[in-house]
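Thanks for coming. Please have a look at the model on the screen, and I will go through a few places in it.

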Amino acid sequence: MVPLTRTVRIEVPTRTLAARATTLDRLLRLATARGASALYLTSQARPYLRIDGDIRVLDGEPPLTSAEIEAAVLALLPEKSREPVRRGEPTEWVADLADIGRMRCTTFRDYRGFGAQFQMVSARPASAEQLGLVREIQALATETDGLVLVAAPRASGKSTLVAALVDLINSRRSEHVVTLERQIRLVHENRQSLISQREMGGTVEEVVGLAQAALRENPDVLVVDDLRTKEMFQLALDAAGSGLLVLASVTAASATSALERLVDLVPADRRAAIRAALAETLRGVVAQVLLRKTGGGRLAARELLLNTPAVSGLIADGQMARLRLALESGRTHGMIPLTDALVAFVQSGAVDVREAYRKTDDRDALVELLKRQGVDTSFAERLA
């Protein structure tokens, strides 16, 4: 896997940023004050913010020229780090700005000219209580070995959820934790556990080499950001089978689709062996989707699949399509189908029924459960 663009990573001292009163500094403070998760600057356009998942123009601000945006970005960078920007290369860095916090910054050029994006990042992980994680999900952080998967669509909080599980381990257990992340966004301070966070990038071979080197350090817990290659999936399975607890994220909309995606990574002639290993090592899958709240803001609906003997047997036999039925019948074991969480939000009025319908990956099951709960589903017939 070869990156399509060159990435330059720069750590900017806080005092350097705080001392510069730039246009960008002012815009970032406005973005933070309005609760934005990102600020977008594109040439010949007014600044835009992302608030609660939606893109909104920053009212009262004039359009910015390419030269203005580039000058504002360069003003935040030390002289030695400016040359890649001047050459027009895509750049990326993490900065800590006084009274604003940590942000991930990227620059680019489109047909209009210079542009930049600034994503606000929490410096510390949210706790399990802040995220509202139920007892059964928190219990996955008490596992001493095996594989725990966190699944969600793109930009739906996978990193936040994984970080909360790591935070649980850090607050309750004395373990050696190594995290392999594409980009460190949330920083864990050592408490009960010793946590070493590393960034991984480059070719598949380089990423696997970094992971293998980490395993030679004898960690108790390995955290892998976004399993998306067969090599890293195999490494995670092997580590989980050797006595480590492995927490890994997968880009997928449900627990079932996460497992299907991982198995599909490997060649067909090896899938039976992979399914057997997965059936043996898996401890659980947490899947999450973010929904727009009726009154504004967003909230998370979560699905929980636990590796009961019935689930393990279905995985080993390759009967992934029947895992939905196992979820439905597994409520007594603490499992949570995503449809249950969505319907609960609809019934409470927290989420509009159309939003729940839009975010589910099993619309027929959702509509059936809504009908059983007396919720009007005529909208689904109009959309069919």
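Asn218 is exposed, with a relative accessible area of 61%. Exposed here means over 50% relative accessible area, buried means under 20%, and partly exposed is in between, with a 1.4 Å probe and protein chains only. Asn218 sits in the loop between helix 8 (204-215) and strand 11 (221-224). Its phi is positive, about 60°, although Asn218 is not a glycine. Helices (H or I, at least four residues) and strands (E, at least two) are DSSP runs, numbered from the N terminus.

Before I go on, the ground rules. This is a predicted model, where local features need pLDDT of at least 70 and side-chain atom pairs count only at pLDDT 80 or more, while totals for chains, interfaces and linings use all residues. Residues are numbered from 1 along each chain as its sequence is written, and side-chain values use heavy atoms, with hydrogens and water left out.

Next, Asp226, in the loop between strand 11 and helix 9. Asp226 has a positive phi too, near 65°, and is not a glycine either. Is Asp226 buried or exposed? Asp226 has a relative accessible area of 11%, so it is buried.

Helix 9 covers residues 230-241 and contains Leu235. Leu235 counts as buried because its relative accessibility is 8%. Setting aside residues up to four places away in sequence, Leu235 touches Val208, Ala211, Gln212, Leu215 and Leu222. A contact means heavy atoms within 4.5 Å. From Leu235 to Leu215 is 20 residues in sequence and 9.7 Å in space, C-alpha to C-alpha.

Now Asn307, in the loop between strand 14 (298-306) and helix 12 (309-316). Asn307 is buried, at 18% relative accessible area. What does the side chain of Asn307 lie close to, in terms of backbone oxygen? A polar atom of that side chain is 2.9 Å from the backbone oxygen of Ala279, and the backbone oxygen of Leu282 lies 2.8 Å from a polar atom of the Asn307 side chain. Beyond four places in sequence, the residues in contact with Asn307 include Leu278, Arg283, Ser312 and Ile315.

On to the aromatic rings. Rings of Phe, Tyr and Trp (its six-membered ring) pair if their centres lie within 6.5 Å; planes under 30 degrees apart count as stacked, over 60 as edge-to-face and the rest as tilted. By this rule there is one aromatic pair. Tyr357 and Phe379 form it, edge-to-face, with 5.2 Å centre to centre and 85° between the planes. The pair links distant parts of the chain, with Tyr357 in helix 15 (residues 353-359) and Phe379 in helix 17 (residues 378-383), 22 residues apart. Both Tyr357 and Phe379 are buried.

Finally, the whole chain. The protein has 17 helices and 14 strands. Its radius of gyration, taken over C-alpha atoms, is 22 Å, and the globule rule is 2.2 Å times the number of residues to the power 0.38. That rule gives 21 Å for 384 residues, so the protein is as compact as a globular protein of that length. Buried residues make up 51% of the 384.

As for confidence, pLDDT is the predictor's confidence in each residue, from 0 to 100. The mean pLDDT is 88, and 93% of residues reach 70 or more. Over residues 1-21, pLDDT stays under 50.

How values were computed. Polar contact = N/O pair within 3.5 Å; in protein donor to acceptor, adjacent residues only side chain to side chain.
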